[in-house]
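Visitor: Please take a close look at the aromatic rings here. Keep it brisk, and give the cut-offs.

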Amino acid sequence: MPDTVVCLLGMHRSGTSCLSGSLQRAGLFLGKYHTWNHHNHAGNRENPDIVLLNEAILKANGGDWDCPPTRVDWREEHRWRAREILDMYAEAPIWGFKDPRTLLTLSGWMDIVPDMRCVGIFRHPMAVTESLHSRGGFPRHMGLFLWAYYNRILLRHWQQQPFPMLCFDWDEETFHARLEPVLDWLHIGPLAKADRFFTPKLRNKDRQWPQELPPSIEQLYGTLKSIAATPWQAPADAA
């Protein structure tokens, strides 16, 4: 497999495309990736092989991205396919992938690549909910449920092994200031201002979202913001 495998983690519509595009422009090799789709004209940067594998794993466990299974077990055929994908990029010194479904299948990926480096990103619950709703009327109550489900996994994984956490609610300058130590940690970059992927057009129009969130969701969002508020410092043995 590649010398370094980077996994970008985050809920759907939470800035994962912006993060992957930014890291790519700083030197992260993505291999195959989607450059355009109906809901993301800048390209969601998802590797179609990874997406198909994650979908197959979820389906085998009776679920989907919007109906997470209560338990996710990898079959041997899934492990074989994951290793086959990794082998495709074995000569790359650093390779990364992004698919929000990976949060649901993460345990299997970590078994196969235990030293995988993760970078997380999150976004205000209502921003995600409204973005999903704008895509064919996805129910808002389901959007909030999925935001909480995915981001609880994100937080749990961070608690087990801290990794850089970014917030898609930040303004452009803050986002790139907090991205710099992540680039150093991954030994890529720097990212010139002219090469930035982030633009305000990648997000819904900035607005003040109502704070009447369910207490558990508001608490989870606050915890993630607190984590992201501290610029990333790699552990001495992982620098």
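Visitor: How many helices and strands does the protein chain have? And what is the geometry of the aromatic pair formed by Phe97 and Trp109?

Guide: This is a predicted model, where local features need pLDDT of at least 70, side-chain atom pairs count only at pLDDT 80 or more, and totals for chains, interfaces and linings use all residues. Residues are numbered from 1 along each chain as its sequence is written, and side-chain values use heavy atoms, without hydrogens and water.

The protein chain has 8 helices and 4 strands.

Now the rings. Rings of Phe, Tyr and Trp (the six-membered ring) pair if their centres lie within 6.5 Å; planes under 30 degrees apart are stacked, over 60 edge-to-face, the rest tilted. The whole structure holds 12 aromatic pairs. In one of them, Phe97 and Trp109 are tilted, with 5.1 Å between centres and 40 degrees between planes. Phe97 belongs to strand 2 (residues 94-98) and Trp109 to helix 4 (residues 102-112), so their pair ties together parts 12 residues apart in sequence.

Buried means under 20% relative accessible area, exposed over 50%, and partly exposed in between (1.4 Å probe, protein chains only). Phe97 is buried at 2% relative accessibility. Trp109 is buried at 0%. Across the protein chain, buried residues make up 52% of the 239 residues.

The pair is part of a wider group. Phe29, Trp74, Tyr89, Trp95, Phe97 and Trp109 form one aromatic cluster.

Another ring, that of Trp170, meets a charge. A charge sits over a ring if NZ of Lys or CZ of Arg is within 6 Å of the ring centre and within 35 degrees of the ring normal. The charged end of Arg178 sits over the Trp170 ring, 5.2 Å from the ring centre.

Finally, the cysteines. With a disulfide defined as a pair of cysteine sulfur atoms within 2.5 Å, the count is 0 disulfides. Cys7 is in none; the nearest cysteine sulfur, that of Cys118, is 4.8 Å away. Cys7 is buried, at 0% relative accessible area, whereas Cys67 is partly exposed, at 46%.

How values were computed:
Helices (H or I, at least four residues) and strands (E, at least two) are DSSP runs, numbered from the N terminus.
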